[in-house]
Every structure is written in structure tokens, then in C-alpha cells.
Amino acid sequence: MKKLTLILLFTSTLNYAQVLKPVTWETSVEKVSNSNYNLVFTATISNHWHLYSQNVPEGGPLPTQFTFNISPNFRLEGKVLEGKGMMVFEEVFDMKVKYFEERAVFKQNIKVRSNKHFKISGNIQYMSCNSESCMPGFQDFEFYIKQ
């Protein structure tokens, strides 16, 4: 009986932990040219959850936001680009909003200003929702650029 209780407790704890982290992030670097790279952010989104775009109307959900720590080693080229996603009417916000399900890819192009290896760091703030609740999220990131 004790083993069964421990198994049930462990299983319920794992299920609860998964709900607390409905979005996980991975990063990678794509070399575009000798001086340009794409910083790639890939969000894996749990079943029945969605992640909001960077571009949502005022009064809507919290948008996904990328913040980069400034460094003389690189310059941001343009804004963070995102995939197509889907436009959906959200009753709770009484508006159409863009969001992603299952997977979302964001890319930031940079121009390198250094001949040495360096690190790019920052964070992502975002909101994910399912049909019952919404959760704000925060994720630090680091990229290593090797020249």
C-alpha cells in the first residue's frame, strides 16, 4: 500500500510540474555570412496550450518579448522575426490575437563586431494559455558566437 501511495504521489507531482511549464525553449545559432548570424529561439508548447505572438493588440494578452543585453561585440539587425502562427478570436480578451500551438520559431539577425568568441545573453517574457488558465513565463538565454 505504501508503494502504491508513493507512486500515485510521484505521478501527480510530475503531472503538476508539467502544467507549471507549458512552454520550453531551445536556442541555436545559424551562420548566415562571415559577419551575420541568426539567433534561433524554438518554443515547444505543451498540448492544449498556446503561446502568444510578439504582436498583440493593446488590452490583449501579454506579448512574447525578447530582451538582449547590450554588448560592443554585436549589433541587432532589425527585429525578432516569428513564424506564421494562427489568428484566433479570444473571447476573454474580446479580440483577434495571433498565437502558436505545438511549436514556434523566432529569429533575430545580428551583425558581429568582434574577432573573438563571445556570449550573447538576455531573457524572454511570454504568456501561455489553455482553455482554463493563463501563465506568464520568463526564460533566460545565452548564445555563444565562435569566430
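By a salt bridge I mean a side-chain nitrogen of Lys or Arg within 4 Å of a carboxyl oxygen of Asp or Glu. What we have here is a predicted model, in which local features need pLDDT of at least 70 and side-chain atom pairs count only at pLDDT 80 or more, while totals for chains, interfaces and linings use all residues. Residues are numbered from 1 along each chain as its sequence is written, and side-chain values use heavy atoms, with hydrogens and water left out.

The average pLDDT, which is the predictor's confidence in each residue from 0 to 100, is 89 for the protein, and 87% of the residues score at least 70. Where pLDDT is low, the predicted coordinates should not be read in detail.

How many salt bridges does the rule give? The count comes to four. One of them joins Arg-75 to Glu-77, with the closest N and O atoms 2.6 Å apart. Arg-75 has a relative accessible area of 34% and is partly exposed, a class lying between buried, under 20%, and exposed, over 50% (1.4 Å probe, protein chains only); Glu-77, at 27%, is partly exposed.

Lys-98 and Glu-82 form another salt bridge, at 2.9 Å between the closest N and O atoms, and both residues are buried.
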